[in-house]
Structures are given as structure tokens and as C-alpha cells.
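Biologist: I've got the sequence and the model open, and I'd like to know what stands behind the labels. Can we go through them together?

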Amino acid sequence: MNADSLLTQVEQLFTLLDSRKVDYVLVGGIALLTYVEGRNTQDIDLIMALPSLTKLPEIKIENQDMYFARGKFGELQIDILLTKNPLFAKVEKNYTTTKQFMDREIRCATVEGLLLLKLFALPSLYRQGSFERVGIYENDIATLMYAFNPKMEPLFAELKKHLNETDMIEARKIIADAETRIQRFRKANK
């Protein structure tokens, strides 16, 4: 799908969500684009409650488990993070803001919310051997950290409620690596 077609279908999806009064939070690559430039994406990621899916028969669900659903809206792939997951519910409740996207305002994850979701997902992506997605997520994290310099300790405190000790150690290593890259970049560009 080309960029124009992607944006057209995203706009149609937002119109549908609004007309059905579905609560959602934009997360993932398109949400990242509301904060920084240069992120390519071919899908849309939303946090949503499971009952909301019944209001949207236009989304053809391809697979679903307790915390995730994946479907299609026309050619647009939609990944839905279900609020049954305590972290997704926490981001939906406490880590959102309103952002301008195209010709509308949408509810979007904050920088901190995006970081929580990326750090939560990365240990699993490592275990799955998903090298391409690991690289994208790590770059997303470093880009957000570079652009916004968020306080990481409160995010680690939240993540600790949702990750095991091994995954927390990995999350801290990921952040330390990103901080090293950022410092190296800043030194080179003084």
C-alpha cells in the first residue's frame, strides 16, 4: 500500500471510529509520526476495549488472543492492543494526550506511553528472534529519548509491575544503550 492510500484508509478508519463513538488510543508507528518525522509504517496500532470491536464489523479480525487482535480494514492492517492487558489499560487511562493528525484531533499515547509499550514489547521480540522489529522499536525508543528527554525512572517503576525481573534488566540495558548512542551523537554534533 502506498503512503497516500495508507493515509486515506487511516482517515476513513478514524471517521468510522468517531461515528460509532468508539474509545481508542493511537499507538505505534503512526502515533510516533505525531511526535517525530521519518518513521515508516504500513499499519495502524490502537489500544481499545474488546467490546468496542463488536461495534466495528468493518474490521475483519484475522486472529485474536487475550491481549491482542489483528485485523484488516480494507487493505489497512490494524493491530489492536486490548485493554484486558493491565499495561495497555494503564496507558489508555493515564498516558494519553490529544494530537493533531491530518484534519482532526485524536487521542494518542504520550511519549511516555509509547516508551512503555515499546519497552514492554521488546523482550518478547528478542525471544521471538524478530530482528527487524527489534531494530525498529529500539530506534523508536532512542528517537523519542533524544527528542523529548523523558524521565525514565517513573517508567521503569511502572514497567516493573508488568515485566519479570529478567525482562526488566533487559529494558534497563536497552535504555542504557540508547543513552550511550544519544551521547555519542550529541558529542559528534557539537
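Predicted model: local features only at pLDDT ≥ 70, side-chain atom pairs only at ≥ 80, totals over all residues.

Biologist: Which element gives the most to the lining of the largest pocket?

Modeller: That's H5, with ten residues.

Biologist: What makes a residue part of the lining of a pocket?

Modeller: Lining residues have an atom within 4 Å of a point of the pocket, which is an open set on a 1 Å grid over the protein atoms alone, where a 1.4 Å probe fits, with protein on both sides within 12 Å along at least five of seven lines. Here 41 residues line the largest pocket, and Asp45, Phe68, Asp79, Arg133 and Tyr137 are the closest to its centre.

Biologist: What makes H5 and H6 roughly antiparallel?

Modeller: Helix H5 (residues 111-128) and helix H6 (residues 131-148) pack at about 155°. Angles run from 0 to 180 degrees between N-to-C directions, and axes are lines fitted to C-alpha atoms, for helices over the stretch in contact. Over 145 degrees counts as roughly antiparallel, under 35 as roughly parallel, 65 to 115 as roughly perpendicular and the rest as oblique. So H5 is roughly antiparallel to H6.

Biologist: And why are H4 and H5 described as roughly antiparallel to each other?

Modeller: Helix H4 (residues 86-94) packs against H5 at about 170°, with the axes 10 Å apart. H4 and H5 are therefore roughly antiparallel to each other. Leu87, Phe88 and Val91 of H4 make the contact with Gly113, Leu116, Leu117 and Phe120 of H5, where contact means heavy atoms within 4.5 Å.

Biologist: How do you know how the residues of that contact divide?

Modeller: Ala, Val, Leu, Ile, Met, Phe, Trp, Tyr, Cys and Pro count as nonpolar, Asp, Glu, Lys and Arg as charged, and the others, Gly among them, as polar. That gives six nonpolar, one polar and no charged residues for H4 with H5.

Biologist: Why is H6 called oblique to H8?

Modeller: The axes of H6 and helix H8 (residues 165-188) cross at roughly 55° and come within 9 Å. That makes H6 oblique to H8.

How values were computed. Residues numbered from 1 in each chain as written. Heavy atoms only, no water. Helix = DSSP H or I, 4+ residues; strand = E, 2+ residues; numbered from the N terminus.
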